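Trainee: Hello! Could you show me how to read a few features of a structure like this one?
Mentor: Gladly, let us look together.

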Amino acid sequence: MFGLFKKKAEKKTEILSHADYNIIFENQIVEDTPIELLKIGNLKIPSGRIVVCDPLVYSDTPPLSRTVKPGEYPIKIYIAKTKSSGNRYAIAKLEFSEEKAEKWVMALRDIDDITELTDDNDYFGFPVDAGLGGFYDYESGIEYQKFEKDFMNQNPDGNIYDDFFAAEFKKNAVDQDDPNDIGDWINFQLPNSELNITMFHSGYGDGLYPAYWGINKNGKIVSLVIDFLVLLLPEDE
């Protein structure tokens, strides 16, 4: 009888990250691990629709549901200099404003239904099968897919990483004379275009990684981050 008067549970409208990434942005050491900042240039966002994916394997990933003001924005990588595993890309940040985020809201695509996330540590993310993540605009993704298709038509037995992108990554190697330093990132301008895409190493490699919108105190989007699950992990991880 009394159950009839129970208040209905509020429907979830957003999922917040377990972590405050400002801890990584504002400190040189986090969890006894030195943090190094790497700036890899700007990303052009002509449509305001952003794709987050493994560009070598899933270039046709649909864009995130929320949009941003078209423009050109810097990308910053926060590198965890771990004792046991060397340098690991911990956070990739696409920065729309220097304002501080007050909360971190899971970035979703139209196909994602947050009611499916029943455990506190559940999340929607993007799959990585080539050890890489990246940001790019939806329009850039269309041009990139054309580039991929043209490359494979011209090189039917080739491999787009080995035969093309490996040399692009090598340009950004810290030690150009070290054959083992193959480079960890690219900010690649698409041929015959002003558009660009980015690729960078993904934490500990392949897996499923979440992205979060940084929202300031006024509800404005100030950043988009990829969490490569290197630092600030949930307690039960």
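**Cavity and rings**

Mentor: This structure holds one cavity of 30 Å³ or more. The model is predicted, so local features need pLDDT of at least 70 and side-chain atom pairs pLDDT 80 or more, while totals for chains, interfaces and linings use all residues. Residues are numbered from 1 along each chain as its sequence is written, and side-chain values use heavy atoms, leaving out hydrogens and water.

Trainee: Which residues line the largest cavity?
Mentor: Its lining consists of Val52, Leu64, Ala107, Arg109, Phe124, Gly125, Phe126 and Ala211. Lining residues have an atom within 4 Å of a cavity point, on a 1 Å grid over the protein atoms alone, where a 1.4 Å probe fits but cannot get out.

Trainee: How many aromatic pairs are there?
Mentor: There are 20. Rings of Phe, Tyr and Trp (its six-membered ring) pair if their centres lie within 6.5 Å; planes under 30 degrees apart count as stacked, over 60 as edge-to-face and the rest as tilted. Tyr73 and Phe96 make an edge-to-face pair, 4.9 Å centre to centre with 85 degrees between the planes. Tyr73 and Phe96 are both buried, meaning under 20% relative accessible area, whereas exposed is over 50% and partly exposed in between (1.4 Å probe, protein chains only).

Trainee: Why is the pair of Phe151 and Phe164 edge-to-face?
Mentor: Because their planes are at 65 degrees, with the ring centres 6.3 Å apart. Phe151 is buried at 9% relative accessible area, and Phe164 is partly exposed at 23%.

Trainee: Which residues do ring pairs link into a cluster?
Mentor: Tyr136, Tyr144, Phe147, Phe151, Phe164, Phe165 and Phe188.

Methods
On a 1 Å grid over the protein atoms alone, a cavity is a set of points where a 1.4 Å probe fits but cannot get out, and a pocket is an open set with protein on both sides within 12 Å along at least five of seven lines; lining residues have an atom within 4 Å of a point. Grid points are joined across faces, edges and corners, and a volume is the space filled by probe spheres set on the points.
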